[in-house]
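Work through these exercises with the model open. Each task is followed by a solution in steps.

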Amino acid sequence: MERARWTPKRGRVGGVLLAVWVLLAGVVPPSGAAGAARPAERAGRGSAWLPFWGDVEGAYRDALAHADQLHTVSPFWYETTGERAVTGRPGAVRPEVVAGLHRARIAVVPTVTETLDAAAMGELLHDPVRRRAHVDALLGVVASQGYDGIDLDYETMAVTGDAAARARVRGGYVTLVGELCARLHRRGRTCVVTVMPRIRGAGAAFAYRRLGALADTVRYMGYDLHWSLGEPGPLSSKDWYARILRDATAEVPRDRIELAFPGYGWDWVPGSGRRATHVTWHEAEALRRRVGARYAFDPVSGTPHFRYARGGERHEVWYQDARGVRAQLPLLAAYGVRGRGLWALGFEDPGVWAAFRGEQAERGLGR
């Protein structure tokens, strides 16, 4: 599944290798760190990713403004290119942001992505020496800024290679996550795994049930049902969320599941074969008003959309807003899932927070 963040990633932003490996892995976080959120603290609160591009300051302010609704923020700051190489994107790692989030009593659990394809990851995951070196490197990241845990968002391995390569990744990834979570837990830290739902073959890389038995949280990316290289359509839908949640609750404990909502959309030129353009909610609404397009809402999926023409080409935009989130949120309650997330801070319709709060009130979930 392709996320909006893949667009800047394709610019192949480099990173600076963190020199913090094993020797730092046992460092105690600074006083004032939020610490891993306990189940009681999580009730009625969610998580959100903080992107490293765009209006980073605005995204940070967004988190602070909604601190009472967030138990965790995951800065999207790190990338791994090898077992020992976990890199912080230049200028992305900001200790003052970590400190500010901790002062607001928000746990900071950074996200790490990977560039290795299924074949390369399979080799790493099934080599005990290389796998341990990778866990050491990830623990070094946690220690480097007094983080409250780590979030593995390994997607490249899930969308590359053939069925055999992904099957090999599937088993090895469980072993890696088990070793990482065990060592994080010994340090009082949180272990989070972000996964794609079963779509376009991506699910073959994830042993959901086994990951759910190991990780504190399994985040399901509830977006890109229709994606930038496909045909126009909703990024999510009520029926699709029902399928995701039905599968998830059959395999993962309900109190470990988070379903993440999109705060963005795609602008397609149907039939062109070109990659759709990513738009945040703010950008989509500004575009709709600028071109004078009529706002339309699809009640079946629970998502807004509009059409317009420019330069002789027909455009079709699907995105998500507060109305759509309100239409889809009841699915979580129907499956007994409290955890919800947001991709990403600064992208979303501000009304989404009121939708989240209203759903919490209906279910009697206070802070």
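**Exercise 1. The disulfide**

Step 1. The model is predicted.

Step 2. Check the sulfur atoms. The cut-off for a disulfide is 2.5 Å.

Step 3. Read the handedness. The angle about the S-S bond is -60°, and the link of cysteine 181 and cysteine 191 is left-handed.

Step 4. Cysteine 181 sits in helix α8 (residues 163-186) and cysteine 191 in strand β9 (residues 190-195), ten residues apart.

**Exercise 2. A salt bridge between a helix and a loop**

Find which parts of the chain are tied together by arginine 130 and glutamate 83.

Step 1. Confirm the contact. The two side chains meet in a salt bridge, 3.0 Å from N to O. The structure holds 19 salt bridges.

Step 2. Locate each residue. Arginine 130 is in helix α6 (residues 128-144), while glutamate 83 is in the loop between β4 (78-80) and β5 (86-88), so the pair ties together parts that are 47 residues apart in sequence.

Step 3. Compare accessibility. Arginine 130 is partly exposed at 25% relative accessibility. Glutamate 83 counts as buried because its value of 16% is under the 20% cut-off.

**Exercise 3. A network**

Which residues are linked with Arg94 in a network of salt bridges?

Step 1. Arginine 94 and glutamate 96 meet through their side chains in a salt bridge, 2.9 Å from N to O.

Step 2. Glu57, Arg94 and Glu96 are linked in a network.

Step 3. Arginine 94 is buried at 18% relative accessibility. Glutamate 96 is partly exposed at 43%.

**Exercise 4. The second largest pocket**

Describe the second largest pocket and its lining.

Step 1. The second largest pocket holds about 220 Å³ of space.

Step 2. Of its 13 lining residues, the closest to the centre are Gly54, Asp55, Thr280, Gly346 and Phe347.

Step 3. The elements α3 (56-65), β13 (277-280) and α11 (281-291) each give two or more residues to this lining.

Step 4. Sort the lining by type: five nonpolar, six polar and two charged residues.

Technical notes. Residues are numbered from 1 along each chain as its sequence is written. This is a predicted model: local features need pLDDT of at least 70, side-chain atom pairs count only at pLDDT 80 or more; totals for chains, interfaces and linings use all residues. Side-chain values use heavy atoms; hydrogens and water are left out. On a 1 Å grid over the protein atoms alone, a cavity is a set of points where a 1.4 Å probe fits but cannot get out, and a pocket is an open set with protein on both sides within 12 Å along at least five of seven lines; lining residues have an atom within 4 Å of a point. Grid points are joined across faces, edges and corners, and a volume is the space filled by probe spheres set on the points. Helices (H or I, at least four residues) and strands (E, at least two) are DSSP runs, numbered from the N terminus. Ala, Val, Leu, Ile, Met, Phe, Trp, Tyr, Cys and Pro count as nonpolar, Asp, Glu, Lys and Arg as charged, and the others, Gly among them, as polar. A salt bridge is a side-chain nitrogen of Lys or Arg within 4 Å of a carboxyl oxygen of Asp or Glu. Buried means under 20% relative accessible area, exposed over 50%, partly exposed in between (1.4 Å probe, protein chains only).
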